[in-house]
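Work through the exercises below with the sequence and model open. Try each task before reading its solution.

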Amino acid sequence: MTGPEVVFTLLGVVAVGSGIMVVTTRQLVHAALWLVVSFGALAGGYLVLTAEFVAWVQVLIYVGAVVVLLLFGIMLTRAPIGESEDLDSGNRWVALGVALATAGVLVTVLVMGFRDAYTPLKGDQGAAEGLGASIFRTWVLPFEVLSVLLLAALVGAIVLSRSDIGPQDPASGNGKGNR
Amino acid sequence: MIVLASLTILLPFLAAFAGFLLGPKLSEALRAGGATPAGPEPPEDPRAVVFEKVPGGGPRTGERVWRRAAVVAERTPLRNGPALAACLPMAAATVLAAIVAFTVWRSPGERAGTLTLVGTGSVPIRIGLQVDGLAAVVALMVCCVALAVQVYSVAYMAKDPRYSSYAAFISLFTAAMLLVVYAGDLLLLYVGWEVMGVCSYFLIGHHWENRENSRAAVKAFLVTRLGDVGFLFGIFLLGIGAGSFRISDVLQRVPQMPDTTVTVAALLLLAGVAGKSAQFPLHTWLPDAMAGPTPISALIHAATMVAAGIYVVARLYGVFLTGSAALTVLGVLAVISMVGSALAALAQDDIKRVLAYSTISQLAVMAAGLAVGAKSAAIFHLLTHGAFKALLFLAAGSVIMVAGSNLLRHYGGLRRAMPLTFLSMTVGLAALVGIPPVSGWFSKDSIIEAAQHAALDGHRAPEAPAATLSRAHLPDLSAHMPVSGTPHRDLVARSLAESPGPLWPGVPGWTAWLIYLGLLVTVALTAAYAARLWLMTFFGETRGEFEPREAPKIMAWTVAALAVPSAILGFFGLGAEELRPHLGSALLALLLAALGAGGAFLLWNRDPAADPAGRLGPLRPVFANAFHVDTLYDAVVVRPVLALARLVVRADDRGIDAAVLGTGRAARRLGGLLRLPQNGNPQTYLTGVLAGVVVIAAVVVISL
Amino acid sequence: MHLAYPAVVSALLFSIGVYGVLARRNAILVLMSVELMLNAVNLNLVAFDVHWRDRLHGGQVLTLFTIVIAAAEVGLGLAIVLLVYRNRRMIDVDRLRTLAEDGTNGNAAGERPDADARHGAEVSSS
């Protein structure tokens, strides 16, 4: 076991552990915070894998934007701040079975397939320069399409969250409006 | 010729449809077309049209209202759409039937034509007609009686709200009977036979508002249906045995068929005949059928329904001749029917029921004639009976409408008030009794003569001495044949083919004697009940509360017109050797008739106000109930069948229905189980999807 | 570095995400779990990109795209969640049962008045 492997294993344990906390914690806000930890550990993992640019984008967008967005969502839905008992549905045990089965199948397959694959880590694979050149040269069309998609998502989000347009009565917020 | 015959059938048929579809509209159109109405319509009293227990089957509207309507109806014949649609085609059909009959008379012989051939895969069905002397004469009689009934009904049913459909059904009835008469194919004949059954159902139940009437209609339908099943199977047996349903083919091939087949077929046919012609033991529907309007009774009794049975026996006589078993059965049934129903007629209080039992009795006389081999005489009697029975029923209808009652004890002394009806009815009753020189005497006498012959001389065909090929003589004949070893059957076939005269196997001697004695007893009884009817209706004091006066002209004159053939039809029989009256039997019959009539007169003369039948003492209720045959059937057939039906219903409810419902419930429960996963929760759906994916992936991985 | 390490980590993260999606009631928590799954995919992509030394950087570029799409998805998802919350006063996934046929057990649970009351009480108490 080499040095990067040890570091990656530690980071992976943190990411997986905090992920488990995300899906098991009884406090909504804590779940979001554990998510930050998981994403941060993943970003560290990217760094170990020499994908620096992706790592920074991960920190910027996921930790900086998405989690904040989720926190806003928690706030706007007036979720309870303290512990709540009923964050898990009755489906829990079935879900656990399915998740374990998924993990079993995936891990088995990956270990069977890539037991001997070894990656020598060199520093130039994830540099921003090469990545940027690749994006704006080879992948420029998907990039532009993605920008249109973002715009569409933006418009959609606005339309969905505005209450003064559409067929719905703005005054009715009592659970009968959209039936 | 065939075209004329088919036209004769089609005309009433089309008339029926025209009547069904546009009878009332036609009437409106005619009324609107007339420039000025003949007179103001008499204001209708809505209360007058009340359907209570209907004497004579007419809507009881009160004699006055009815008479006014009848007078209006006969005064304005051109404004009565349904009546026009019914009577004019009927008249045309009568003319056509007369032309057909005349042509056949001029050049006798059988004419057959096939309109179309329906392939069935095995035995083809020939939609064909066949006209010979028998068919032509009977058809003419049917047309005449039907025309008389239609014309009579115009006045009789003047106040009936459903006159249009009534007249149309009469037309359909007549068309069906004509189809039976002219049919050249057994299945075609059966079609007409069945249509008649349906029409009789509708017409007997014309006033279905009354529960009794609809029950009578159902009874008539079911009882005749019972016979029809046998009839149908008899047809099948004959058709398959002969390889063809054509009547002439069947008759030609009967000798080649096995004896048992023919006998069984004949017995099955007899079941149908007994049903339609109201012979014992299927006779019970006929007296109940009196619930229908009186002209319908006339039609059923004189022209159509009941005549069809006798006609079919005459038509398929070859089948019956082959074995003596069928003829014996026919003869015995005829004797039971004629004596029993004549006794029953003696005690009836209802004028229509007297006539109904008289019809059974007279039909039995014809059947007896057929049983002893006197086919011509039987058909002759069928014709004369058609004329005088139609006359009697129509006259009875007039009496009923005038008197407002069906019951003999309400009549009396009508001869002065209703002279035309009285005279006509006298002729009719004289014909019924067989008083010379009215028609009934000739026909009945020739049957008695034939029976006497059969009883005294044994196995000899009275009608065709030339074709005296009874079984007993067959060996002698075959011995004379040059080709030795020729089977007897071929011989019989050849002789049949050469001379269509009847080959009479003869009924056993005791049957012939039974028939002969039965006929004589019947003559006496007939005279007795006819005299009773005549005396109680037209003589003595008027016992009911009504104003006796002559029926409306159109009715009275129709009846009078029928009196002419009733009186003189007998003389047409003088042309044929076997129909001429014979002195011995004629005198005997006359003596017996005088005895019966004299007895009735003496009883009546003691107390003209009382019913001569009262002298029967304890026998009277037995006779009045027709020997309780109905009660017997009720106990033996109806109740067990009803009980069985109830059992079946219960089995259906508790067993089959429960099973079906249980299946439904089980399916629902199973569906409910399957529905549990479909609870609307997307998480469980997704769980299922992912679990499925994992399972598939695991299977793939493991199999790798 | 052996490829098995990032691969196993990503598989475990994905399974955790599956569990979260299937087991959590709160719609926002479900969204978080979806993010976990997406990140597992991202890790896989980066690891294989590094492993194959892709000259076009397909894996890392796709990772970037996925991150962008994830951001858009979270935005839209939150908007939908807010809409649901505005209409129903709750965002419990297992109580949104309009998919169920009428007359079954699902529909009635969608609008339990006591649940709303409880939510309101909790909000005010905190």
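**Exercise 1. Which residues does L64(C) touch, not counting residues up to four places away in sequence?**

Solution. L64(C) touches V54(A) and V57(A) once residues up to four places away in sequence are left out; contact here requires C-beta atoms, placed from the backbone, within 7 Å. L64(C) sits in helix α3 of chain C, where helices (H or I, at least four residues) and strands (E, at least two) are DSSP runs numbered from the N terminus. Then check burial. L64(C) is buried because it has 23 C-beta neighbours inside 10 Å. The cut-offs are 20 or more other C-beta atoms within 10 Å for buried, 12 or fewer for exposed, and partly exposed in between, with C-beta atoms placed from the backbone. Last, look along the chain. N42(C) is 22 residues away from L64(C) in sequence, and their C-alpha atoms are 8.5 Å apart.

A note on conventions. This is a predicted model, in which local features need pLDDT of at least 70 and side-chain atom pairs count only at pLDDT 80 or more, while totals for chains, interfaces and linings use all residues. Residues are numbered from 1 along each chain as its sequence is written, and chains are lettered from A and ligands numbered from 1 in the order in which they are written.

**Exercise 2. How many residues does each chain give to the contact of chain A with chain C?**

Solution. Chain A gives 86 residues and chain C gives 69 residues. On the side of chain A that touches chain C, the elements giving two or more residues are α1 (3-24), α2 (28-48), α3 (52-76), α4 (92-114), α5 (128-137) and α6 (140-161) of chain A. Now sort that side by residue class. It has 53 nonpolar, 27 polar and 6 charged residues. Ala, Val, Leu, Ile, Met, Phe, Trp, Tyr, Cys and Pro count as nonpolar, Asp, Glu, Lys and Arg as charged, and the others, Gly among them, as polar.

**Exercise 3. Describe the fold of chain C, then classify R53(C) and H57(C) as buried or exposed.**

Solution. Start with the elements. Chain C has 5 helices and 0 strands, in the order α-α-α-α-α from the N terminus. Of its 126 residues, 56% are buried. Now take the loop between α2 (27-52) and α3 (58-88) of chain C, where R53(C) is found. H57(C) lies in the loop between α2 and α3 as well. Most residues other than glycine have a negative phi. R53(C), not a glycine, has a positive phi of about 55°. H57(C), not a glycine either, has a positive phi of about 60°. Their surroundings come next. R53(C) is exposed, with 12 other C-beta atoms within 10 Å. H57(C) is buried, with 26 C-beta neighbours inside 10 Å.

**Exercise 4. At what angle do α15 and α18 of chain B pack?**

Solution. Helix α15 (residues 351-371) and helix α18 (residues 439-457) of chain B pack at about 40°, with axes 9 Å apart. Axes are lines fitted to C-alpha atoms, for helices over the stretch in contact, and angles run from 0 to 180 degrees between N-to-C directions. α15(B) and α18(B) are therefore oblique to each other: angles under 35 degrees count as roughly parallel, over 145 as roughly antiparallel, 65 to 115 as roughly perpendicular, and the rest as oblique. Finally, list the contact. α15(B) contributes V365(B), A368(B) and G369(B), while α18(B) contributes K444(B), I447(B), A450(B) and A451(B). These residues divide into 5 nonpolar, 1 polar and 1 charged.

How values were computed: Contact = placed C-beta atoms within 7 Å.
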